[in-house]
Amino acid sequence: MRILFAGGGTGGHINPALAVANYIREREPETAILYVGGADSMEQRLVPAAGFEFRAIRVSGFQRKLSVRNIGRNIRALWRVLTATKQSKKIIREFSPDICMGTGGYVCGPILREAAKMGVPIVVHESNAFPGVTTKMLARYAKCTMLGVEDASKYLGDAPWELTGNPVRPQVIRADKAESRRELGLDDRPLILSFGGSLGARSINEAMADLLVRSSKDGRYQHIHGYGQYSRWMPALLAEKGIEPNASNIDVREYINNMDVALSAADLVICRAGAITLSELQAQGKAGILIPSPNVAENHQFHNAMAMVNRGAARIIEEKDLTPEKLTAMIDSIFENETTVDEIGKNASAMGILDANERIYQVILKVLSS
């Protein structure tokens, strides 16, 4: 089998592709795999590091807000679409794939569109509850659009789709709560895990600060909080607010590098609503308070969060409504009733799909055999 992957721009597009590529390579070691992504991009660094051949095309997205500056950007984007189309044809002819799989981001638009025109079957994976523009455009050409969240199907019209879930790292699936709590040296008090991604989220950090200070003094909860690369001011803020410097129940870090352990040990998770993060919450059956980022395309994190909230699998606070008082009150109310955390976690677990890689692999095989 020869398979071409395309997608990039964010970890949410790159990581599912790499997970599936690794799974296929394990199942069929002779498979030839090529990943096509953007030039000067995150995937240009991550894909070769994962051991896969990488080819770059230079493409950029269109700006929707009308301004003099954006008109210039859109002229450049149009020119890059034309050149990317030519590059895509050349790559497809040279690699001669049996199938192409796109995982989102505008970079996969030209390559999959050209593949379909050249008679190469294409499939698409959409991790979010609200499909991106590229996914909706490509769905009409795809043999199948694979969905991480069933709610996305209502935006695809008559395009064929299957629910496959989002690939989740095996170490997250395998992590054991009791073992992780022992490893972290935790006691029986509830553990709150909070983070805003590797770069950090100012709103979450500011809202968590008061609770961390309170917990350092009353000891009600244990905490692991990741404040992120862009919020290195947070330790100073906590010191200013009077956090107890030797509080054994508080672990504040820039980056949580053992997320599988921290996640499995947690009783409640406070985080953004990226698709892969939510799939990991579901895989571990964790109660969550979701604070969707409003700074993402088509507000897709809000739709991701609501897919869980509507099933009783999480709580939500929109960033515009987020205050330290509201967040603290919601946390306290969740822990007031002993059954609430378990009920939310069970509902999250019911949404979990632990064999997404196998489901995606089977879709690919089915398309190739049709």
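**Helices, loops and cysteines: a walk-through**

Trainee: Which residues are buried in helix 11?
Mentor: Two terms come first. Helices are DSSP runs (H or I, at least four residues), as are strands (E, at least two), and both are numbered from the N terminus. Buried stands for under 20% relative accessible area, exposed for over 50% and partly exposed for what lies in between, with a 1.4 Å probe and protein chains only. In helix 11, the buried residues are Ala275, Ile276, Leu278, Ser279, Glu280, Leu281, Gln282, Ala283 and Gln284.

Trainee: Before we go on, what kind of model is this?
Mentor: Residues are numbered from 1 along each chain as its sequence is written, and side-chain values use heavy atoms, with hydrogens and water left out. Local features need pLDDT of at least 70, side-chain atom pairs count only at pLDDT 80 or more, and totals for chains, interfaces and linings use all residues in this model, which is predicted.

Trainee: Back to helix 11, then. How many of its residues are buried?
Mentor: Helix 11 runs over residues 275-284 and is mostly covered. Of its ten residues, the number buried is nine.

Trainee: How are helix 11 and helix 12 oriented to each other?
Mentor: Axes here are lines fitted to C-alpha atoms, for helices over the stretch in contact, and angles run from 0 to 180 degrees between N-to-C directions. The two axes come within 10 Å and cross at roughly 20°. Angles under 35 degrees count as roughly parallel, over 145 as roughly antiparallel, 65 to 115 as roughly perpendicular and the rest as oblique. Helix 11 and helix 12 are therefore roughly parallel.

Trainee: Is the crossing of helix 11 and helix 12 left-handed or right-handed?
Mentor: A crossing is left-handed if the near helix is turned anticlockwise from the far one by less than a right angle, and right-handed if clockwise. For helix 11 and helix 12, the crossing is right-handed.

Trainee: How far apart are the axes of helix 1 and helix 2?
Mentor: Helix 1 (residues 11-27) packs against helix 2 (residues 42-49) at an angle of about 20°. That makes the two roughly parallel, and helix 1 passes helix 2 in a right-handed crossing. Their axes are separated by 11 Å.

Trainee: What is the relative accessibility of Cys144?
Mentor: Cys108 counts as buried, at 1%. Cys144 also counts as buried, and its relative accessibility is 6%.

Trainee: Where is Ser96 found?
Mentor: Most residues other than glycine have a negative phi. Ser96 has a positive phi of about 50° although it is not a glycine, and Ser96 is partly exposed, with a relative accessible area of 43%. Its place is the loop between helix 3 (68-95) and strand 4 (99-102).

Trainee: And where is Asn299 found?
Mentor: Asn299 is not a glycine, yet has a positive phi of about 50°. Asn299 is partly exposed, with a relative accessible area of 32%. Asn299 is found in the loop between strand 12 (287-290) and helix 12 (300-309).

Trainee: How far apart in space are Gly7 and Gly104?
Mentor: Gly7 sits in the loop between strand 1 (2-6) and helix 1, and counts as buried at 0% relative accessibility. Gly7 and Gly104 are 97 residues apart in sequence, while their C-alpha to C-alpha separation is 5.1 Å.

Trainee: Last one: over the face of which residue does Arg2 lie?
Mentor: A charge sits over a ring if NZ of Lys or CZ of Arg is within 6 Å of the ring centre and within 35 degrees of the ring normal. Arg2 is 4.4 Å from the ring centre of Phe95. The residue under Arg2 is therefore, by this rule, Phe95.
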